[in-house]
Amino acid sequence: MALEKISSVVGQAVHVPGNDIDTDRIIPARFMKCVTFDGLGEYLFYDVRKDADGHDRAHPLNDERFKQATILLTGANFGCGSSREHAPQAIQKYGFRGIVAENFAEIFFGNCTTLGIPCAVATRADIARIAAAVAADPTTEVTIDVEAQQVRFGAETLPAEIRGSARDGLLNGRWDAIAELHEGVPQVRETAARLPYMAV
Amino acid sequence: MAKSLFEKVWDAHAVRTLANGQTQLLIGTHLIHEVTSPQAFGMLRDLNLPVLMPTRTFATVDHIVPTDEFAEPYRDPLAQAMMDELRRNCAENNITFFDRGTGKQGIVHIVGPEQGITQPGTTIACGDSHTSTHGAFGAIAFGIGTTQIRDVLATQTMALGKLKVRRIEVNGTLPPGVYAKDVILHIIAQLGVNGGTGFAYEYAGSVFDNFSMEERMTVCNMSIEGGARVGYVNPDQTTVDYLEGRPYSPTGDDWPAAVARWLGFASDPGCHYDDVVVIDAAQIAPSVTWGINPGQGISIEQSIPDPALATSEDEKASIEEALEYMKLTPGAPIKGTPINVAFLGSCTNGRLSDFQEVARVIAGHKVAAGVKAIAVPGSQIVAAQCEKLGIDKVLTEAGFEWRAAGCSMCLAMNPDKLIGDQLCASSSNRNFKGRQGSTTGRTVLMSPVMVAAAAITGQVSDAREVFATGRN
């Protein structure tokens with residue numbers, strides 16, 4: 001199963017500010033009553049984007065200027081809480097290809113990586129600079145350079161860390177581990193045979 | 001060389017190093033439920049891969065089950081579809097399913113331990129962040145996403161980077177009326193909601209030595225609320241005693257061998273920890289949250305934070321956002337905040353000892369007028385145990401509704417939901433915006449006995465005053 005090598009993501013960006021944005025906020029639990037991930041994109045951030053009658057609230061994703069965005073800029077501890085992969089699935093199906101945040105919650109980071117969504121870590125000040133440029137001109141082209149671990153826009157180049165194993169996976173087209181894990185099955189059986197509880 | 005439990009379990013389950021530097025880690029025990037697994041089975045079908053070791057996956061249904069309805073089809077066709085899909089996937093792949101008809105169904109993190117499936121020195125994964133619960137037994141238990149569920153089904157492994165280990169020692173004796181829930185709320189408030197990112201938490205010290213397995217589970221359960229994907233307690237005689245005679249526990253000659261092996265997984269004296277935090281048990285008080293994440297907690301005696309007194313712009317903004325949502329007044333005491341709903345249950349506090357302790361203190365009291373109070377056992381076995389002891393009667397006489405096992409109002413993927421901006425005194429684990437099923441609903445997390453006190457007074461209360469009693 002050949003996977004795309006993701007060395008960079010290029011596109012417009014939108015800033016969804018806030019710290020500790022949890023996966024319940026990203027995709028409310030009631031939208032998880034489904035047996036496939038299809039269609040989750042339209043429910044991304046639903047309860048902060050829509051009022052009780054389903055009308056748009058003031059939210060960056062409802063702003064026409066940012067409808068083309070494929071890069072999400074946000075704050076600290078993004079994706080905390082529930083392990084639901086529905087959250088990164090909704091982000092991807094909405095159209096996002098990369099995320100820049102101050103830092104990410106552990107399980108969310110892994111879930112994004114295995115879907116091929118680069119999660120880049122930048123400082124608050126740098127995220128604010130990107131956000132300011134995007135606010136001034138929503139058509140600003142932003143690049144998450146996975147290889148160089150940078151975010152670029154206009155004439156600016158800012159450092160943006162992508163953790164080692166995730167970066168390797170994205171760059172080498174092995175961000176989804178299934179093929180490599182499957183190759184290891186004979187060794188898996190050997191390891192399991194050494195563990196008495198696995199015999200049950 | 002001295003090793004921590006985490007290292008020993010990791011080393012015993014490490015299959016090989018992957019090209020990206022991560023470890024292919026054997027997952028000995030895989031638990032699944034209806035919400036996060038159907039897509040994984042779909043992916044397997046797309047890849048034309050079988051389940052590699054069907055006897056090492058166990059299923060139950062918990063998130064979507066109605067707690068007031070047993071007959072199928074359920075009123076909610078989406079819930080029924082998820083139920084049907086899990087049944088089909090388990091049947092087609094020969095996976096043991098603790099369905100509602102078995103009498104063993106319940107919240108996945110309650111079922112695993114009570115069946116004896118959760119054992120020391122094992123690796124466990126489940127598509128649910130509260131999988132850290134199982135660490136109470138000295139297992140390394142990971143909450144995972146759906147793609148990783150696929151990986152575990154297909155290969156019984158997943159790709160993982162090694163975590164650092166932080167030992168959290170709680171020493172001394174907890175004051176009367178302070179419970180395991182207060183310990184973990186205190187830890188999260190102290191270390192922050194993302195303080196544990198990249199760490200496994202090893203809980204230790206005299207408080208944990210003296211805790212029952214159920215108390216240890218309550219603490220490990222909420223590790224992820226502090227950012228730690230894994231939390232564990234070293235196995236000891238308490239662990240062994242809990243597991244003896246459980247359906248999946250070893251028997252006969254296998255039992256003493258298993259016990260010896262299990263105890264050998266405990267962290268060695270002098271092993272390396274990446275960080276150590278020491279907490280004095282005497283400083284922990286009955287705790288409640290006031291905000292919109294589990295780290296926004298205070299003791300019942302404290303006042304709601306004032307953003308004007310915040311020490312950083314960040315803190316000020318987060319207090320303001322939380323108080324606006326919670327409709328609470330800065331600087332006011334949290335005690336006395338009116339409640340509308342009281343919820344007893346969840347994978348954090350839905351076990352026998354939780355209901356036993358509530359029944360002990362609540363007998364003779366009545367739920368305040370206007371408060372909706374529900375008690376939801378974490379499993380059918382917990383329900384049966386409570387009913388045998390008459391705990392259900394004590395609770396219903398006090399004014400609680402006694403429901404069937406499930407996740408219920410912890411996350412409201414079922415008919416149990418807050419309405420409008422109702423405020424819920426809840427023994428669950430998350431107070432996120434909208435968590436309990438209403439986009440404006442408000443959650444105040446606390447121990448089960450504090451929920452009982454709030455139910456009786458109709459307001460957030462100090463259970464030590466309401467019941468004029470303390471810990472057993």
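Start with the salt bridges between chain B and chain A: this predicted model has five of them. To see one, select B:Arg150 and A:Asp176 and show their side chains, which meet in a salt bridge with an N to O distance of 2.5 Å. Polar contacts can be displayed next; 20 residue pairs make them between chain B and chain A, counting pairs with both residues at pLDDT 80 or more.

The size of an interface is often given as the accessible area lost when the parts come together. Here chain B and chain A bury about 5100 Å² between them, with 59% of it on carbon and sulfur atoms. Pick out B:Arg16, B:Asn20 and B:Gln39: these supply 10% of the area that chain B buries against chain A, more than any other three residues.

Move to helix α8 of chain A, residues 185–193, and select its buried residues, A:Val185, A:Val188, A:Thr191 and A:Ala192. Look down the axis of α8(A): the buried residues fall within an arc of 110 degrees, so they line one face of the helix. An α-helix has 3.6 residues a turn, so residues three or four places apart point the same way. On the face of α8(A) turned away from the buried side, select the exposed residues A:Pro186 and A:Ala193.

What covers the buried residues of α8(A)? Show α7 (178–183) of chain A, then α1 (5–13), β1 (14–17), β2 (23–26), α5 (146–155) and β8 (157–160) of chain B; the cover includes these elements from both chains.

The last stops concern the backbone of chain B. Most residues other than glycine have a negative phi, and most peptide bonds are trans. Select B:Glu72 and B:Pro73, which are joined by a cis peptide bond with omega of about 0 degrees. B:Pro73 sits in the loop between β4 (57–60) and α3 of chain B.

Go on to B:Ser346, in helix α12 (residues 346–349) of chain B. B:Ser346 is not a glycine, yet has a positive phi of about 95 degrees. Is B:Ser346 buried or exposed? B:Ser346 is buried, at a relative accessible area of 1%.

Finish at B:Ala412, in the loop between β17 (401–402) and β18 (423–426) of chain B. B:Ala412 also has a positive phi, about 55 degrees, without being a glycine, and is buried with a relative accessible area of 3%.

Methods: Residues are numbered from 1 along each chain as its sequence is written. Chains are lettered from A and ligands numbered from 1 in the order in which they are written. This is a predicted model: local features need pLDDT of at least 70, side-chain atom pairs count only at pLDDT 80 or more; totals for chains, interfaces and linings use all residues. Side-chain values use heavy atoms; hydrogens and water are left out. Buried means under 20% relative accessible area, exposed over 50%, partly exposed in between (1.4 Å probe, protein chains only). Helices (H or I, at least four residues) and strands (E, at least two) are DSSP runs, numbered from the N terminus. The arc is that of the directions from the helix axis to the C-beta atoms. Contact means heavy atoms within 4.5 Å. Buried area is the accessible area (1.4 Å probe) that two parts lose on being put together, summed over both. A salt bridge is a side-chain nitrogen of Lys or Arg within 4 Å of a carboxyl oxygen of Asp or Glu. A polar contact is a pair of N or O atoms within 3.5 Å; within protein, one must be able to donate a hydrogen and the other to accept it, and residues adjacent in sequence count only if both atoms are side-chain atoms.
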